[in-house]
Amino acid sequence: MPASSGASHGVAAFVTLILGTVLSKFIWNLVPPLGQLSLVTIQTIQSLTGANIPTTERFAGAVVVMIGFSFLWGVVYHLGRHS
């Protein structure tokens, strides 16, 4: 059981990472306020924690896509698992 659910989560994480990186520039072209919000959020987290997080538009766009896909994956997984 853990091998099958672990594999699906691993594949989901990998796909999310790749798609987030590839689609990051489209966030700034299609929804600039969302990209700007992501950039401000990253800068706020960086200032509060002191973490060394890149604060570039490309990284912020990737984060938006990755969070969106992760949320969708969680919903689909939960519905598929508990329905």
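Mentor: Helices (H or I, at least four residues) and strands (E, at least two) are DSSP runs, numbered from the N terminus. This is a predicted model, in which local features need pLDDT of at least 70, side-chain atom pairs count only at pLDDT 80 or more, and totals for chains, interfaces and linings use all residues. Residues are numbered from 1 along each chain as its sequence is written, and side-chain values use heavy atoms, with hydrogens and water left out.

Trainee: In which helix does Ile45 lie?

Mentor: The protein chain has 3 helices and 0 strands, in the order α-α-α along the sequence. Ile45 belongs to helix H2.

Trainee: How far apart are the end C-alpha atoms of H2?

Mentor: The expected span of a helix is 1.5 Å times one less than its number of residues. H2 covers residues 32-49, which is 18 residues, so a span of 26 Å should result. The computed separation of the end C-alpha atoms agrees with this, at 26 Å.

Trainee: Which residues of H2 are buried?

Mentor: Buried means under 20% relative accessible area, exposed over 50%, and partly exposed in between (1.4 Å probe, protein chains only). On the other side of H2, the exposed residues are Pro33, Leu37, Ser47 and Leu48. The buried residues of H2 are Gly35, Ser38, Leu39 and Ile42.

Trainee: Within what arc do the buried residues of H2 fall, seen down its axis?

Mentor: An α-helix has 3.6 residues a turn, so residues three or four places apart point the same way. The arc is that of the directions from the helix axis to the C-beta atoms. The buried residues of H2 line one face of the helix, because they fall within an arc of 100 degrees.

Trainee: Does Ile45 count as buried, partly exposed or exposed, and which residues is Ile45 in contact with?

Mentor: Its relative accessibility is 41%, so Ile45 counts as partly exposed. Contact means heavy atoms within 4.5 Å. Leaving aside neighbours within four places in sequence, Ile45 is in contact with Gly50 and Ile53.

Trainee: Which residues make up the largest nonpolar core?

Mentor: A nonpolar core is a set of buried Ala, Val, Leu, Ile, Met, Phe, Trp, Tyr and Cys residues joined through side-chain atoms within 4.5 Å. The largest one has 5 residues: Trp28, Leu39, Ile42, Ala60 and Val63. The elements that give two or more residues to this core are H2 and helix H3 (57-82).

Trainee: Which residues of H3 are buried?

Mentor: H3 has 26 residues and reaches 38 Å from its first C-alpha to its last, close to the 38 Å expected at 1.5 Å a residue. Its buried residues are Ala60, Gly61, Ala62, Val63, Val64 and Val65.

Trainee: Which residues is Ser24 in contact with, leaving aside its neighbours within four places in sequence?

Mentor: Ser24 is found in helix H1, residues 2-30. Ser24 counts as buried because its relative accessibility is 2%. Its contacts beyond those neighbours are Arg58, Gly61 and Ala62.

Trainee: Does Phe14 count as buried or exposed?

Mentor: Phe14, like Ser24, is found in helix H1. Its relative accessibility is 53%, so Phe14 counts as exposed.

Trainee: What radius of gyration does the protein chain have?

Mentor: The radius of gyration is taken over C-alpha atoms, and the globule rule is 2.2 Å times the number of residues to the power 0.38. A compact globule of 83 residues would have a value near 12 Å, but the protein chain has 15 Å.
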